[in-house]
Amino acid sequence: VFMRKMQNAFAAVPLMTVAGNHEILADFAAYKARFNMPVSDNGLSYVDMWYSFDMGPMHIIGVNTESPIDTAYIDPAMVEFLKLDFASAASKNAPWRVAYGHRP
């Protein structure tokens, strides 16, 4: 319901999103259908569920803190993505590295 109500606003405002606990329904189908996040420089972005991009002196990483069964699960593919992504950011000498997710 929320996604339908906010669809027009989301279409007009630039957003960099990450999935949250409400998007778990139907394996994140509503989230994946509405938000197309970037593919990371290293090509390991996973169906818009985690990604990174550079903005000025910042290397920004969006991570997925959710799982289809709502447990404290970290996908091994995302861990591999993060290792490669941090190495890539280090090679670019990005002075700021910012990561964000839905849950702390």
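**View 1. Arg 97 sits in strand S3 of this predicted model.** Strands are DSSP runs of E with at least two residues, helices are runs of H or I with at least four, and both are numbered from the N terminus. At 38% relative accessibility, Arg 97 counts as partly exposed, a class that lies between buried (under 20% relative accessible area) and exposed (over 50%), judged with a 1.4 Å probe and protein chains only. Leaving aside residues up to four places away in sequence, Arg 97 touches His 59, Phe 86, Ala 89 and Ala 90; a contact means heavy atoms within 4.5 Å.

Some notes for reading every view: residues are numbered from 1 along each chain as its sequence is written, and side-chain values use heavy atoms, with hydrogens and water left out. Because the model is predicted, local features need pLDDT of at least 70 and side-chain atom pairs count only at pLDDT 80 or more, while totals for chains, interfaces and linings use all residues.

**View 2. Asn 93 lies in the loop between H3 and strand S3 (96-100).** Here is a backbone detail to look for: Asn 93 is not a glycine, yet its phi is positive, at about 60°. Most residues other than glycine have a negative phi. With 63% relative accessibility, Asn 93 counts as exposed.

**View 3. Thr 17 is found in the loop between H1 and H2.** Is this residue, Thr 17, buried or exposed? Its relative accessibility is 12%, so Thr 17 counts as buried. Not counting residues up to four places away in sequence, the contacts of Thr 17 are Tyr 31, Phe 35, Met 37, Tyr 51 and Tyr 100.

**View 4. The largest nonpolar core brings together 17 residues.** Such a core is a set of buried Ala, Val, Leu, Ile, Met, Phe, Trp, Tyr and Cys residues joined through side-chain atoms within 4.5 Å. Look for Tyr 31 and Met 49, which touch the most other members. At least two residues of this core come from each of strand S1 (51-55), strand S2 (58-62) and helix H3 (76-91).

**View 5. The largest pocket holds about 350 Å³ of space.** A pocket is an open set of points, on a 1 Å grid over the protein atoms alone, where a 1.4 Å probe fits and protein lies on both sides within 12 Å along at least five of seven lines; lining residues have an atom within 4 Å of a point. Its volume is the space filled by probe spheres set on the points, which are joined across faces, edges and corners. Of the 17 lining residues, Phe 2, Met 3, His 22, Glu 23 and Ala 30 lie nearest the centre of the pocket. Helix H1 (2-12) and helix H2 (29-34) are the elements that give two or more residues to this lining, and H1 gives the most, with four.

**View 6. Arg 4 belongs to helix H1.** With a relative accessible area of 58%, Arg 4 is exposed. Arg 4 and Ala 30 are 26 residues apart in sequence, and their C-alpha atoms are 9.4 Å apart in space.
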